[in-house]
Amino acid sequence: MGKEDFTAARQTGARALRGFRRLDDGLGLADGLRLYGRLHRLEQQWEESRAYLDKSIELNRPFGESISLGEALFELGLLEQDAGQADAAREALQEAQQIF
């Protein structure tokens, strides 16, 4: 993603998600979903991004205030900001800040 090669990022992300699911690695899956959410945000695909980030947050919540949860909330805040949803962005970013 950092090189803006979204095709390669999507392919790598899909392989990672398959691997985490196969291993039944919930936290790995949550991180993969967070990165997929970021990818869709960068491509301005708000609904897809939100769906991936919401699932990542859902998987992370049972583990408490973890760094992974904070990162997913931060990504959600950036998404909401980019999508023009200031109140939702503020809420997600404030929760992320409390974790960090």
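Biologist: Leaving aside its neighbours within four places in sequence, which residues is Leu 53 in contact with?

Modeller: Contact means heavy atoms within 4.5 Å, and on that reading Leu 53 touches Arg 34, Gly 37, Ala 72, Glu 75, Leu 76 and Leu 79. This is a predicted model, in which local features need pLDDT of at least 70 and side-chain atom pairs count only at pLDDT 80 or more, while totals for chains, interfaces and linings use all residues. Residues are numbered from 1 along each chain as its sequence is written, and side-chain values use heavy atoms, with hydrogens and water left out.

Biologist: Which residues of α3 are buried?

Modeller: Buried means under 20% relative accessible area, exposed over 50% and partly exposed in between, with a 1.4 Å probe and protein chains only. In α3 the buried residues are Ser 49, Leu 53, Ser 56, Ile 57 and Asn 60. They lie on the same side of α3, because they cover an arc of only 100° around the axis, taken from the directions from the helix axis to the C-beta atoms. Their cover includes α2 (26-42) and α4 (67-82).

Biologist: How many aromatic pairs does a search of the whole structure find?

Modeller: A pair of aromatic rings is described by the distance of the centres and the angle of the planes. Rings of Phe, Tyr and Trp (its six-membered ring) pair if their centres lie within 6.5 Å, and planes under 30 degrees apart count as stacked, over 60 as edge-to-face and the rest as tilted. The search finds one pair: Tyr 36 and Tyr 52, edge-to-face, at 5.0 Å centre to centre with 70° between the planes.

Methods
Helices (H or I, at least four residues) and strands (E, at least two) are DSSP runs, numbered from the N terminus.
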